[in-house]
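Thanks, everyone. I have one model to show today, and I will keep to a few local features.

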Amino acid sequence: MFYTDEACNDLLNYSKVLVDQINKSKKCPQELKVLQYVIFAGMISYYGFEYVDTIFKAFSAPNFYYTNSSLNEIMKSNNIFDPSVEKSIKNGDVEAFVLLRFGKNGLGKLYVNRDIYIIDGVDTKPDELVEKVIHEINHVVNSINNPICIKSGNEVVRSGLSVIGIVDSLRSYNMLEESVNVLQSAEIMEHILAFTQCDIKDSEIKRLLDKIKYAFGSKREGLGYEAIVPAVRPLYLNPEFKKVVKRQRMVGRIVPIKANFERKVGEGSYNEFCKTLDDLEASCNSFWKRAFLDSKVKTYINMYNK
């Protein structure tokens, strides 16, 4: 973390220069730019300067939309139907999300586009809004390298630790990805909250940090996927797993994470563990099935942590 006033201001100013460079040819409202300044700096603080090129690339690739439209309106205007999105709409307003599009161009080459939507007007605490935007950007940061990989001999789109089929659009290993992303986003948020304790010189950045300063010192448990994250947390907090997943997810290599897990738990265990997590999320309305799957998840994690 950047603890001194000088180091903190230097980091924020550096991030501002890079974000302004990214947005030079884009239409981006100033309020969104300031949010990007702070999150960019928070990610450098969390991941380290060795990953600044990846972070820059991740901020450059997507279009950022700051809109008053609802999630439902955005999906309809883009002619997209997604059961997971329908579920989100039923559960309440969504403050931010990544709209993922992929397909093949006229030459048959696979392309992947990711756009980030931030919805204004949703009644959310300022610190929670920032953390939810971090969550979506962090998905992109950890998907920008090697976005296309091979599974069972077929091309798939990689989104962090999860993979999506090209033909059937089926997503697998999604809950491990979401859980890790929730927990990382909370840690990045803690770095940003540390900035609030410094004497910030830039008036616009200071205004944003002052809005979330009240949350400094509070333990960040992570926002979203509350039915799954507590089950994954003991694995994530294992220093070895955390180090492997943080490094390999960022560079876009899933195989070393799988190999590390299976070295401790057994051959084939990684895929089965990820499938169990996905099944656990899908069984939220079934007490007995959920209890069985939760016990299975704990068994895998205990074997890894033993």
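I will go through the aromatic pairs, then the charged side chains, then the backbone.

First, the ground rules. This is a predicted model, where local features need pLDDT of at least 70 and side-chain atom pairs count only at pLDDT 80 or more, while totals for chains, interfaces and linings use all residues. Residues are numbered from 1 along each chain as its sequence is written, and side-chain values use heavy atoms, with hydrogens and water left out.

Aromatics. A search of the whole structure gives 13 aromatic pairs; rings of Phe, Tyr and Trp (its six-membered ring) pair if their centres lie within 6.5 Å, with planes under 30 degrees apart counted as stacked, over 60 as edge-to-face and the rest as tilted. One of the pairs is F241 with Y304: the ring centres are 5.7 Å apart and the planes are at 85 degrees, so this pair is edge-to-face. F241 lies in helix α10 (residues 239–251) and Y304 in helix α13 (residues 287–305), so the pair ties together parts that are 63 residues apart in sequence. Helices here are DSSP runs of H or I, at least four residues, and strands are runs of E, at least two, numbered from the N terminus. F241 and Y304 are both buried, meaning under 20% relative accessible area, with exposed over 50% and partly exposed in between (1.4 Å probe, protein chains only).

F273 and Y300 have ring centres 5.9 Å apart and planes at 75 degrees, so they too are edge-to-face. This pair links distant parts of the chain, with F273 in helix α12 (residues 269–282) and Y300 in helix α13, 27 residues apart. F273 and Y300 are buried.

Now the charges. The charged end of K264 sits over the ring of Y304, 4.4 Å from its centre; the criterion is NZ of Lys or CZ of Arg within 6 Å of the ring centre and within 35 degrees of the ring normal. K246 does likewise over the ring of Y46, at 3.9 Å from the centre.

Which residues does E262 contact, leaving aside neighbours within four places in sequence? They are E267, G268, S269, Y270 and N271, with contact meaning heavy atoms within 4.5 Å. E262 is found in helix α11 (residues 255–265).

Last, the backbone. N146 has a positive phi, near 50 degrees, in a residue other than glycine. N146 is in the loop between α6 (126–141) and β4 (148–151).
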